Amino acid sequence: MEQVLQGRCLCGAVRYQCHGRPLSVTYCYCKTCQLASGAPVYLGALYPAGAVRWQGSTTAYRSSALGLRHFCGQCGSTLFYECTDGSGRVEITIPTLETPAVLRPDCHEWTSSAIPWFHLDDDLPRYPQARRTTDALPVPLCQTRIPDCR
């Protein structure tokens, strides 16, 4: 049976569903993600764009040449990142899921930009920048990266 996860913004004006398993679940410490999330680390799940469906209207901000960040125009909740590099992927903000605990992170990226006093104590792989693509790992969030992530 296909996994379907539900999510929403704080006020409920935007709701979404994620169908199937994510390509990756990543902690990102880049400065752009810190600014966009207002937190020391961002946690996102990467899906093929066709696997994410939403209802309601989002407002988008181009945070880089590689993508758009979508948020609720009413309450401001950061909902997802849309890759515009031709890769056809969307990364949802995991804390906006109804059941965020069902998705376990698989790595930490851009740890070179981490705030020194913030550290999550786990055994996940850590990458100073974006992890490199191998047969064992999915492609990074966007096909090409600019300094300090997205």
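**View 1. Strands E1 and E2 run antiparallel and are joined by five bridges.** This close-up, like the others, is taken from a predicted model. Within the pairing, glycine 7 has tyrosine 16 of E2 as its bridge partner. The two strands belong to an open sheet of three strands in the order E1-E2-E5, with antiparallel pairing. At the edges of this sheet lie strand E1 (4-8) and strand E5 (52-55), each of which pairs on one side only. Ignoring direction, neighbouring strands of the sheet are turned against each other by 20 degrees on average.

**View 2. Strand E9 (residues 89-93) is largely enclosed by the rest of the structure, because five of its five residues are buried.** In a regular strand the side chains alternate between the two faces of the sheet. Both faces of E9 are covered, with buried Arg89, Glu91 and Thr93 on one side and buried Val90 and Ile92 on the other. Strand E4 (residues 42-48) pairs with E9 in the antiparallel sense over five bridges, and in this pairing proline 48 stands opposite arginine 89. Strand E8 (residues 78-83) also pairs with E9 in the antiparallel sense, over three bridges, and here phenylalanine 80 stands opposite isoleucine 92. E8 and E9 form a hairpin with five residues between them, and in its turn glycine 86 has a positive phi of about 90 degrees.

**View 3. The largest nonpolar core contains 22 residues, of which Tyr47, Ile92, Ile94 and Leu103 touch the most other members.** At least two residues of this core come from each of strand E2 (15-19), strand E3 (24-28), E4, E8 and E9, and E4 gives the most, with three residues. In soluble globular proteins, nonpolar side chains tend to be buried together. Once its neighbours within four places in sequence are left aside, leucine 103 is in contact with Gln3, Leu5, Pro22, Val25, Ala45, Tyr47, Ile94 and Leu97. Another core, of six residues, lies apart from the largest one and has Cys28, Cys33, Tyr42 and Ala130 among its members.

**View 4. Threonine 58, found in strand E6 (residues 58-64), makes a polar contact through its side chain with the side chain of histidine 70 (2.8 Å).** Leaving aside neighbours within four places in sequence, the residues in contact with threonine 58 are Val14, His70, Phe71, Leu79 and Phe80. Glutamine 74 is 16 residues away from threonine 58 in sequence, and the C-alpha atoms of these two residues are 8.9 Å apart in space.

**View 5. The model has two aromatic pairs, one of them the tilted pair of tryptophan 54 and phenylalanine 80.** The ring centres of this pair are 4.6 Å apart, with 40 degrees between the planes. The pair links distant parts of the chain, since tryptophan 54 is in strand E5 and phenylalanine 80 is in strand E8, 26 residues apart. Tryptophan 54 is partly exposed, with a relative accessible area of 37%, whereas phenylalanine 80 counts as buried because its relative accessibility is 2%, and buried means under 20%.

**View 6. Tryptophan 117 and phenylalanine 118 form an edge-to-face pair.** The centres of the two rings are 6.5 Å apart and the planes stand at 85 degrees, so the pair is classed as edge-to-face, a term used for planes over 60 degrees apart. Tryptophan 117 counts as exposed at 67% relative accessibility, while phenylalanine 118, with a relative accessible area of 22%, is partly exposed.

Conventions: Residues numbered from 1 in each chain as written. Predicted model: local features only at pLDDT ≥ 70, side-chain atom pairs only at ≥ 80, totals over all residues. Heavy atoms only, no water. Buried < 20%, exposed > 50% of the residue type's maximum accessible area, 1.4 Å probe, protein only. Helix = DSSP H or I, 4+ residues; strand = E, 2+ residues; numbered from the N terminus. Pairing = 2+ DSSP bridges. Core = buried A, V, L, I, M, F, W, Y, C linked by side-chain atoms within 4.5 Å. Contact = heavy atoms within 4.5 Å. Axes fitted to C-alpha atoms, helices over the stretch in contact; angles between N-to-C directions. Polar contact = N/O pair within 3.5 Å; in protein donor to acceptor, adjacent residues only side chain to side chain. Phe/Tyr/Trp six-rings, centres within 6.5 Å; stacked < 30°, edge-to-face > 60°.
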